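Here is a short note to read beside the model. Please follow the points with the structure open.

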Amino acid sequence: CPKQNSRSEGAWRHKAAASAKAMEMSKLPIDWWWYAWRDSEQKSWVIPHDRPEPGTGKYSCPWKDFTGRDGNADVHRPFGLTAYCKDFHPTSKVACQGIRCVHLGRAPNMSAYLLWDVEGRRLRYSPHVHFFPGEYGALTCKPGASETVASRNPWASGEHAPAPGTRDHRE
């Protein structure tokens with residue numbers, strides 16, 4: 001039926017537009033599009049339907065329809081936001097205990113956030129995260145550094161990230 005097709009196509013267009021806007025705001029390279037899409041998909045699960053449920057008059061959302069529990073929009077943060085996650089194994093007692101990361105959304109199978117460790121060049125999962133609202137572009141080095149830490153996503157091509165402190169052969 002054409003009406004149903006246009007409705008589903010509209011949902012795809014909305015997710016594509018939300019992902020594109022997230023990529024624009026985050027200032028991340030295009031290789032990170034999958035994480036932006038995944039994050040916009042997860043956020044769409046907690047947006048209420050446009051009509052209330054028949055008989056009850058209450059609004060529902062896809063998350064409640066699937067799990068029977070109310071969706072919680074409070075756990076979602078903007079994609080690409082600068083964040084610091086807790087380092088549980090610092091090198092010393094006085095060492096920095098926060099690791100600079102880029103927020104990529106919620107972790108797939110746990111109550112944690114999915115983060116890209118800028119310096120260690122690896123994915124991290126952590127529920128202990130401090131976000132900086134309005135700060136994007138965490139993939140660049142501190143002022144005065146000679147190169148960017150991550151010019152592209154090494155996971156996109158299936159390559160492994162270089163060890164911390166070593167130069168990337170692509171740069």
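Where is the place of I30?

1. I30 is in the loop between α1 (2-26) and α2 (33-44). Helices here are DSSP runs (H or I, at least four residues) and strands are too (E, at least two), numbered from the N terminus.

2. This is a predicted model: local features need pLDDT of at least 70, side-chain atom pairs count only at pLDDT 80 or more, and totals for chains, interfaces and linings use all residues. Residues are numbered from 1 along each chain as its sequence is written, and side-chain values use heavy atoms, leaving out hydrogens and water.

3. I30 counts as exposed because its relative accessibility is 63%. Exposed means over 50% relative accessible area, buried under 20%, and partly exposed in between (1.4 Å probe, protein chains only).

4. Look next at strand β3 (residues 113-117). Of its 5 residues, 5 are buried. Y113, L115 and D117 lie on one side. L114 and W116 lie on the other. Both faces are covered.

5. β3 has a partner in strand β2 (residues 98-106). The two run antiparallel, joined by 5 bridges. Strands pair if DSSP finds at least two bridges between them. C101 stands opposite D117 of β3. β2 and β3 form a hairpin, with 6 residues between them.

6. β3 is also joined to strand β4 (residues 122-126), by 5 bridges. These strands run antiparallel too. W116 has L123 in β4 as its bridge partner. The hairpin of β3 and β4 has 4 residues between the strands. There, R121 takes a positive phi near 55°.
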